[in-house]
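Here is my note for anyone opening this one for the first time.

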Amino acid sequence: MSQDLWSQNYDATCRLTQEIAENTHERNRQQRTGGNPAKLNMTLRASLQKLKQNVAQLRENLMRDAAQRHIMQAEADRRQNLVDDLSTREKRLNAFFKGDITEAEQSRSTLMTENRAGPTVNPWVVNETEETRGLSFGEIRQQQQQIVEAQDAGLDALAAVISRQKQMGREIGNELDEHNEIIDDITQLVDKTDSRIKNETHKVKLVENKSASCGMLVVIVLLLIAIIVVAVWPTG
């Protein structure tokens, strides 16, 4: 499978750093031998400006891809390390061009060997895991896409579970509302029944009082009748 656009731009930028390093060495050689490096200086200035733009573009595209979840966090971190390395090379090449770094053998070896392998080297070898070892860029991207899809499926399942729990919560809430309404109805019925019982009890007490009063009157009347009868009854 072919590389993605970011990887292609990264490889092109790596080749540009190697080209700048080689042209800078050639410029310095011409200066030492009395040649005219004016043309190389113009080329180097343009190349260094292009390198700076390329590194900034790689960083911007990486931030966008990471924010839009086009790549996994692990790969975003890996690419960030690559961009940081390119940024360091860009600063060193600028210093080398300006003469701030000498052409000591160690510096020359470092600058010339950073990208000597060219595009055939897999730039993802930094902290490469067993799962991705030996895979091409397209295969790594496909593997990561599958991981993203699996995570999305897990999130969808979790969302479905949460939705069901939410629905169950609403149903329980509705049942509680119905139970509360029933309890309110029972409370109102109890209050009405208690009021009726009080009213009936009051009526019974009134009847009992009236019954007691009537009984007293009957007794009094009977006593009067008995007294009258005794008074008018002829004595033998």
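1. Start with the crossing of α2 and α3, which is left-handed. Keep in mind that you are looking at a predicted model. Helix α2 covers residues 38-67 and helix α3 covers residues 73-98. Their axes come within 10 Å and cross at roughly 160 degrees. Angles over 145 degrees count as roughly antiparallel, so α2 and α3 are roughly antiparallel to each other.

2. Who actually meets whom between α2 and α3? On the α2 side the residues include Leu-44, Leu-48, Leu-51, Val-55, Leu-58 and Leu-62, along with Arg-45, Arg-59 and Asp-65. On the α3 side, look for Ala-76, Arg-79, Val-83, Leu-86, Glu-90, Leu-93 and Phe-97, among others. The residues of this contact divide into twelve nonpolar, four polar and seven charged.

3. Now bring in α1, which spans residues 5-33. It packs against α2 at an angle of about 155 degrees, with the two axes 9 Å apart. That makes α1 and α2 roughly antiparallel to each other as well, and α1 passes α2 in a left-handed crossing. The make-up of this contact is eleven nonpolar, eleven polar and three charged residues.

4. How do α1 and α3 sit, parallel or antiparallel? The angle between them is about 20 degrees, with the axes 11 Å apart. Angles under 35 degrees count as roughly parallel, so that is how α1 and α3 run relative to each other. Here too the crossing is left-handed.

5. If you want to see the α1 and α3 contact for yourself, pick out Trp-6, Tyr-10, Cys-14, Ile-20 and Ala-21 in α1, which are among the residues there. From α3 the residues include Arg-79, Leu-82, Val-83, Leu-86, Leu-93, Phe-96 and Phe-97. This contact splits into eleven nonpolar, six polar and three charged residues. Notice that Arg-79 of α3 is in the contact with α1 and also in the contact with α2.

6. Which residues touch the most other members of the largest nonpolar core? They are Trp-6, Tyr-10 and Ile-20, in a core of 19 residues. Helices α1, α2 and α3 each supply at least two residues of that core. As background, nonpolar side chains tend to be buried together in soluble globular proteins.

7. Asp-65 deserves a look of its own. This residue belongs to helix α2 and has a relative accessible area of 12%. Buried means under 20%, so Asp-65 counts as buried. Setting aside neighbours within four places in sequence, Asp-65 is in contact with His-70, Ile-71 and Arg-79.

8. Phi of Arg-69 is near 60 degrees, a positive value in a residue other than glycine. Is Arg-69 buried or partly exposed? With 44% relative accessibility, Arg-69 counts as partly exposed.

9. Finally, step back to the whole chain. There are five helices and zero strands, so from the N terminus the elements simply read α-α-α-α-α. Of the 236 residues in the chain, buried ones make up 25%. Among contacts between residues at least 6 apart in sequence, 70% join residues at least 24 apart.

Conventions
Residues are numbered from 1 along each chain as its sequence is written. This is a predicted model: local features need pLDDT of at least 70, side-chain atom pairs count only at pLDDT 80 or more; totals for chains, interfaces and linings use all residues. Side-chain values use heavy atoms; hydrogens and water are left out. Axes are lines fitted to C-alpha atoms, for helices over the stretch in contact, and angles run from 0 to 180 degrees between N-to-C directions. Helices (H or I, at least four residues) and strands (E, at least two) are DSSP runs, numbered from the N terminus. Angles under 35 degrees count as roughly parallel, over 145 as roughly antiparallel, 65 to 115 as roughly perpendicular and the rest as oblique. A crossing is left-handed if the near helix is turned anticlockwise from the far one by less than a right angle, and right-handed if clockwise. Contact means heavy atoms within 4.5 Å. Ala, Val, Leu, Ile, Met, Phe, Trp, Tyr, Cys and Pro count as nonpolar, Asp, Glu, Lys and Arg as charged, and the others, Gly among them, as polar. A nonpolar core is a set of buried Ala, Val, Leu, Ile, Met, Phe, Trp, Tyr and Cys residues joined through side-chain atoms within 4.5 Å. Buried means under 20% relative accessible area, exposed over 50%, partly exposed in between (1.4 Å probe, protein chains only).
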